[in-house]
Amino acid sequence: MNIAKTSGAELTPEDFLILMTCDGKTEQDPDSERLKHLEMHGLIRPAKDGETLTDWQKVRFCDNRYMPGVNWSITGKCNYNCRHCFMAKDNAANLTEFSWEEMIAALDEFDKCGIQTIELTGGEPTLHPRFMDLVREIARRGMDIDVILTNGALLTREMLREIKSLGFTGDFTGPDPSKCVFYNKGYYRKAKKAFDEAGKECGKEFMCLSPIPALDGSM
Ligand code: SF4
C-alpha cells in the first residue's frame, strides 16, 4: 500500500502504526478492517508495480508540532509609503526586525518542525541587511522559498541571478495594477519595471507585499 495525499478521516493510534508501514514495499493484511477504513477515506491505495513513497509522503518525525510551511515577516520596515499600509516608511522607527541571531534561532525551530517551504515578507524583506545571507542559509538547509513578497525596488540583477542559481522552485506572481494603491504613482512604475526585469532575469515574477485595497475598496 502507498499513502495517498488527503483525507478528513480521524486516525487512531492503530491507524498511525499501519500508515507507518505503508511504503509501497511492505505487504499488508488485505482483510484488515482498519486498512479498508483508511483506503475508503482515500488515505491509502494499492501501490502500483515498483511504486514507493515520494519524499513528501515519507513519515517525518519532528521535535515540535509539524507545520509544512511558514509566512515569515523578517522586518517591519519598508522603503515605501503606501497610504494604506501600517508598515510604511514613516513608521519604520516604530517597527523592528529580526537580528541575524534571531533568524538563525527561528530557522533552527523551523527545522525541528519539519518546515520545507518559506514565504519571505516584511515590510520590505529585501531591505533587511542580511536578506541575501538568509536566502543562502535557507538554501543551505534544504528548505524552499516559495514566495518573496517585495515591492521590487531594491532587487538587483546580481541578487536575482543568485536566487535563481540557488534553485528555489516557487512561482512569484506580479502585482495587479488594478488592485495597487501606492501613495506615490512613481512607486508603481518603479515596482512594475523591477518586476518585469525580475521576471526576465529569474524566470519568475515577484509580488508586492500584502493584499492592497483598490480605490473602490475591493481587494
Ligand atoms: S504595501 Fe508594501 S511597499 Fe507599500 S508600504 Fe506596505 S510593505 Fe511597503
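## Sheet, core and confidence

Colleague: In this predicted model, which residue in β4 stands opposite Asn 71?
Modeller: Asn 71 has its counterpart in β4. That counterpart is Glu 119.

Colleague: What is the handedness of the crossover from β3 through α3 to β4?
Modeller: The chain leaves β3, passes through α3 and reaches β4, making a β-α-β crossover. Its hand is right-handed.

Colleague: How many bridges pair β3 with β4?
Modeller: β4 covers residues 117-121 and pairs with β3 in the parallel sense. Val 70 stands opposite Ile 118 in β4. The number of bridges between β3 and β4 is five.

Colleague: In what order do the strands of the open sheet lie?
Modeller: The sheet has three strands, and the pairing is parallel. Four bridges join β4 to β5. Glu 119 has its bridge partner in β5, Val 147. The order is β3-β4-β5.

Colleague: Why is one side of β3 and of β5 left without a neighbour in the sheet?
Modeller: Strands of a sheet pair through backbone hydrogen bonds. β3 (69-73) and β5 (144-148) have a single partner strand each, so one side of each has no neighbour in the sheet. The reason is their place at the edges.

Colleague: What is the average twist from one strand to the next?
Modeller: The sheet is open, with three strands in parallel pairing. From one strand to the next, the twist averages 25 degrees.

Colleague: Which helix makes a right-handed β-α-β unit with β4 and β5?
Modeller: The unit is built from β4, a helix and β5. The helix covers residues 131-140. It is α4.

Colleague: Where is Gly 123, the second residue of the cis peptide bond from Gly 122?
Modeller: The bond from Gly 122 to Gly 123 is cis, with omega near 20 degrees. Gly 123 sits in the loop between β4 and α4.

Colleague: Which element gives the largest share of the largest nonpolar core?
Modeller: The core has 18 residues, and those touching the most other members include Ile 118, Leu 134 and Ile 145. Two or more residues come from each of β4, α4, β5 and α5 (157-165). The largest share is four residues, and it comes from α4.

Colleague: Which residues does Ile 118 touch, not counting those up to four places away in sequence?
Modeller: Ile 118 is among the core residues that touch the most other members. With those up to four places away set aside, Ile 118 touches Gly 69, Val 70, Trp 72, Ile 138, Met 143 and Ile 145.

Colleague: Is Ile 44 buried or exposed?
Modeller: Ile 44 lies in strand β2 (residues 44-45). Its C-alpha atom is separated by 7.8 Å from that of Cys 22, 22 residues away along the chain. A residue counts as buried at 20 or more other C-beta atoms within 10 Å. Ile 44 has 22, so it is buried.

Colleague: Which element has the lowest mean pLDDT?
Modeller: The chain averages a pLDDT of 78, and 74% of the residues score at least 70. Helix α3 (residues 100-112) has the highest mean among the elements, 96. The lowest, 48, belongs to strand β1.

Colleague: How many contacts beyond four places in sequence does the model have for residues 177-183?
Modeller: Over residues 177-183, pLDDT stays under 50. The number of such contacts is 23.

How values were computed. Residues numbered from 1 in each chain as written. Predicted model: local features only at pLDDT ≥ 70, side-chain atom pairs only at ≥ 80, totals over all residues. Pairing = 2+ DSSP bridges. Axes fitted to C-alpha atoms, helices over the stretch in contact; angles between N-to-C directions. pLDDT = per-residue confidence, 0-100. Contact = placed C-beta atoms within 7 Å. Right-handed = clockwise from strand over helix to strand, strands pointing away. Core = buried A, V, L, I, M, F, W, Y, C linked by C-beta atoms within 7 Å. Buried ≥ 20, exposed ≤ 12 C-beta atoms within 10 Å, placed from the backbone.
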